[in-house]
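Below are some numbered remarks to read alongside the model.

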Amino acid sequence: KMMGDPEEEMGEAEGGEHQEEKEETEEKKSGKQALKTFLPKDIEPGEELTPDMSAYEMLHTFRTRASCLSFDMLSDRLGPRTGYPVTAYLVAGTQAQQGKKNSLIVMKTSNLNPPKPGQDEEEKSDAEEDEDGEEETGDKEVLKTAEIYHAGAVNRVRICPHVTDTRTFVASWSEKGKVHIWDIAPQLTAIETEQESKDVQKIKPFYTFGGHVEEGYAMDWSRTRQGYLLTGDCTRHIHLWTPREADWLVSQQTFSAHGSSVEDIQWSPNEEHVFSSCSTDKSIRVWDDRAAAHKACMITVPNAHDSDVNVINWNRSEPFLVSGGDDGVIKIWDLRKLDSHAALFKHHTGPITSVEWHPSDSSVFGASGEDNQVSLWDLGVESSEPLVINDTEVPPQLLFIHQGQEEIKELHWHPHIPGVLVTTSLDNFNIFKTISV
């Protein structure tokens, strides 16, 4: 079973063996097996993880024709909302086994509802395999897609948050070392109408920059300045993109204070000239783009993690940064005092692959790791005493563990529906809402 809220599923410790014997007797009488909190472990041959649907308000799985190890959520025009059914718009980039089979996939997944009483995930498996774009009738979830040919695998894809009536820009990092800008407005129109097509369209990018020395992964659009973009590569160079009337001016003077590959970049959500970055050199740096490139690094945290720092995310309303590293550790940083981390969580047993703060609850964030776990955390839980579950100590801030996917690479919260989370992995996408967040 997947783990729900530890505090809700934990039994009382007092009572010892007598309490356990009483529970076993009651189980035998009722014919039911009591639910117990599951903590992640290696799955034995013949074992299979199945979700405890009582821990989820909603859980759906869908697949694309090739693995998508990077995606982003579109801030749609439906606006803030609650209730069901859920609709989500995504843009994902494939990493197909054959390089010429890669694409950007613009997706609309809709008619997503909570499970019916007594319904388990196996009963919905037919919907996961259906990619024919059915009418939004009945209880069937609907997935509509429009694809654009992409030269090479997509290392990372990010949607510009400033969407206009005529333009929706998406940036993609190609394994071939180029960064492309795409206008996906026609594809969004297609998935909203009967023009949807399963054919991969071959169109030219709106703009392409080939000035990076090598490929990269780091990329972020500014939320405070329309059209401003940062891209970082595996040779430690960060380029600033300044929008012009019909294209972008990409800086030739790069921000290059890191000692090795730049893994992630984040613009400040409220200071328009400030951004942060992390690297395989173990450091986190804070920059000001108004300064000359060689002087723009204002703050350096030299050994932020014991190994590569893979991902960072900037809290939208509090001066906090969350980071995740190859060491499997998650750290919280107070940007007012960066000489030491404000909090440290060691739960994951593999490198951290993604971290993101909840868009409206400033104390909650999610993380994913190479241990095939998605963990949800709440810094609002002030207790410092660990919970003990099955003889294992668990941080009290750990709300929920989601499993069932292999090689989870990215997670993103739905921008308009509180608590809805989307994850991508080697085998599929999950979109879900837990009872904990």
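1. Strand E8 (residues 179–183) and strand E10 (residues 207–209) run antiparallel and are joined by 3 bridges, where strands (E, at least two residues) and helices (H or I, at least four) are DSSP runs numbered from the N terminus, and where two strands pair if DSSP finds at least two bridges between them. Within this pairing, Val-179 has Phe-209 of E10 as its bridge partner.

2. Before going further, please note that this is a predicted model, in which local features need pLDDT of at least 70 and side-chain atom pairs count only at pLDDT 80 or more, while totals for chains, interfaces and linings use all residues. Residues are numbered from 1 along each chain as its sequence is written, and side-chain values use heavy atoms, with hydrogens and water left out.

3. E8 is also joined to strand E7 (residues 169–174), again in the antiparallel sense, by 5 bridges, and Ala-171 has Ile-181 in E8 as its bridge partner. The two strands form a hairpin with 4 residues between them, and Gly-177 in the turn has a positive phi of about 90°.

4. As to burial (under 20% relative accessible area is buried, over 50% exposed and in between partly exposed, with a 1.4 Å probe and protein chains only), 5 of the 5 residues of E8 are buried. Both of its faces are covered, with Val-179, Ile-181 and Asp-183 on one side, and His-180 and Trp-182 on the other.

5. Strand E16 (residues 274–279) is likewise mostly covered, 6 of its 6 residues being buried. Val-274, Ser-276 and Cys-278 point one way from E16, whereas Phe-275, Ser-277 and Ser-279 point the other way.

6. E16 pairs in the antiparallel sense with strand E15 (residues 262–267) over 5 bridges, Ile-265 standing opposite Ser-277, and the hairpin that E15 and E16 form has 6 residues between them. E16 also pairs in the antiparallel sense with strand E17 (residues 284–288), over 5 bridges, with Cys-278 opposite Ile-284; in the hairpin of E16 and E17, which has 4 residues between the strands, Lys-282 takes a positive phi near 80°.

7. Finally, Asn-102 lies in the loop between strand E3 (86–94) and strand E4 (103–112), and this residue counts as buried because its relative accessibility is 1%. A polar atom of the Asn-102 side chain lies 2.7 Å from the backbone nitrogen of Ala-96. Leaving aside residues up to four places away in sequence, Asn-102 touches (heavy atoms within 4.5 Å) several residues, among them Arg-65, Thr-94, Tyr-149 and His-150.

Technical notes. A polar contact is a pair of N or O atoms within 3.5 Å; within protein, one must be able to donate a hydrogen and the other to accept it, and residues adjacent in sequence count only if both atoms are side-chain atoms.
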